Amino acid sequence: MMLTVAQALAQSGLVPVDAQVLLAYVVGNTRAWLTAHADESLTPNEAARFFSLARRRRDGEPIAYLTGVREFWGLSLLVTQNVMIPRPETETLVERALARLAPDRASHVLDLGTGSGAIALALARERPPVQIVATDVSEAALRVADANARRLGLYNVRFTRADWYDGMELSPERPAFDVIVSNPPYIAAGDRHLGEGDLRFEPMASLTPGGDGLSA
Ligand SMILES: C[S@@+](CC[C@H](N)C(=O)[O-])C[C@H]1O[C@@H](n2cnc3c(N)ncnc32)[C@H](O)[C@@H]1O
């Protein structure tokens, strides 16, 4: 039997907003479309994909990993399980950095531990003349960040692998940066929160540097 949009949402076992986001993702439309088409039938393939995602969500997987995107600073960023999901509160860091970057100056910025590229790409969008170097120890994270830069058409960020400052190539003509930003891992290794909620699915190296959490 074909299920309608309303029936699938009701049978998902999820809170309404999660169910709507996942079904909108599956049918390639908006949540508003779902509301206006509550009686529309889903194809068997759409229903199967939706209930598979709903099960993973019930098991705790973050919505952003299920849909592969997360909005940050108005930018739609690709996210995979190789990067931490950008947090809304990190936008405060972007605001603080922007306050130190004149809109018309070709300043130089360093983003240490860039993950999905969230901070670097937000700064690149807001300050086109700025040249940004964004580093991460994870090659897999750098691939996601680079894909985000290309998808957003932001070419004033150079992504490079480095272990904090080790491995960074500083040009002799330009050895310093005007602004250095970082949202480093800072949770203590034994913190119980690492085993709870979304954190269970995020890369451990993006959350804790080990020990008391302060070594990064
Ligand atoms: C808390 S996440 C922040 C990601 C991103 N900047 C954001 O705010 O969404 C910390 C990032 O630091 C990176 N990282 C961890 N250890 C590192 C190291 N030794 N050198 C460089 N980056 C490191 C992780 O791979 C991760 O991407």
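**Entry 1: the model.** I am working with a predicted model. I kept that in mind throughout.

**Entry 2: around the ligand.** I began with the ligand and its neighbours. The shell holds 17 residues. Gly113, Asp136, Asp163, Trp164 and Asn183 come nearest. I then sorted the shell by class. Nine of its residues are nonpolar, six are polar and two are charged.

Entry 3: Next I looked up polar contacts between the ligand and the backbone. At Gly113, a backbone N or O atom lies 2.8 Å from a ligand nitrogen. At Val137, a backbone N or O atom is 3.3 Å from a nitrogen atom of the ligand. At Gly115, a polar backbone atom sits 3.4 Å from a ligand oxygen. On its own the ligand has 600 Å² of accessible area, and the protein covers 93% of that.

**Entry 4: the largest pocket.** Which pocket does the ligand take up? The ligand's space is the largest pocket. I noted a volume of about 510 Å³ for this pocket. Its lining has 30 residues. Gly113, Gly115, Asp136, Ala205 and Ser206 lie nearest the pocket centre. Gly113 and Asp136 had already turned up among the residues nearest the ligand. I looked for the elements behind the lining. Helix α7 (118–126), strand β4 (131–136) and helix α9 (204–207) each supply at least two residues. By class, the lining divides into 16 nonpolar, 10 polar and four charged residues.

**Entry 5: the second largest pocket.** I moved on to the second largest pocket, with a volume of about 250 Å³. Its lining includes Val21, Ala24, Tyr25, Asn29 and Thr30. Ile63, Ala64, Thr67, Val69, Arg70, Glu71 and Ser76 also line this pocket. Two or more lining residues come from each of α2 (16–27), α5 (63–67) and β1 (69–72). I counted classes here too: six nonpolar, four polar and two charged.

**Entry 6: the cavity.** How many cavities of 30 Å³ or more are there? I found one. The largest cavity has a volume of about 30 Å³. Val133, Arg158, Thr160, Arg161, Gly167, Met168 and Glu169 line it. Which strand gives the largest share of this lining? Strand β5 (residues 157–161) does, with three residues. The cavity lining has two nonpolar, two polar and three charged residues.

Definitions and conventions. Residues numbered from 1 in each chain as written. Predicted model: local features only at pLDDT ≥ 70, side-chain atom pairs only at ≥ 80, totals over all residues. Heavy atoms only, no water. Near = heavy atom within 4 Å. Polar contact = N/O pair within 3.5 Å; in protein donor to acceptor, adjacent residues only side chain to side chain. Areas by Shrake-Rupley, 256 points an atom, 1.4 Å probe, with all protein chains shown as cover. 1 Å grid on protein atoms, 1.4 Å probe; cavity = no way out; pocket = protein on both sides within 12 Å on 5 of 7 lines; lining within 4 Å. Sits in = over half its atoms within 2 Å of the grid points. Nonpolar A, V, L, I, M, F, W, Y, C, P; charged D, E, K, R; others polar. Points joined across faces, edges and corners; volume = space filled by probe spheres on them. Helix = DSSP H or I, 4+ residues; strand = E, 2+ residues; numbered from the N terminus.
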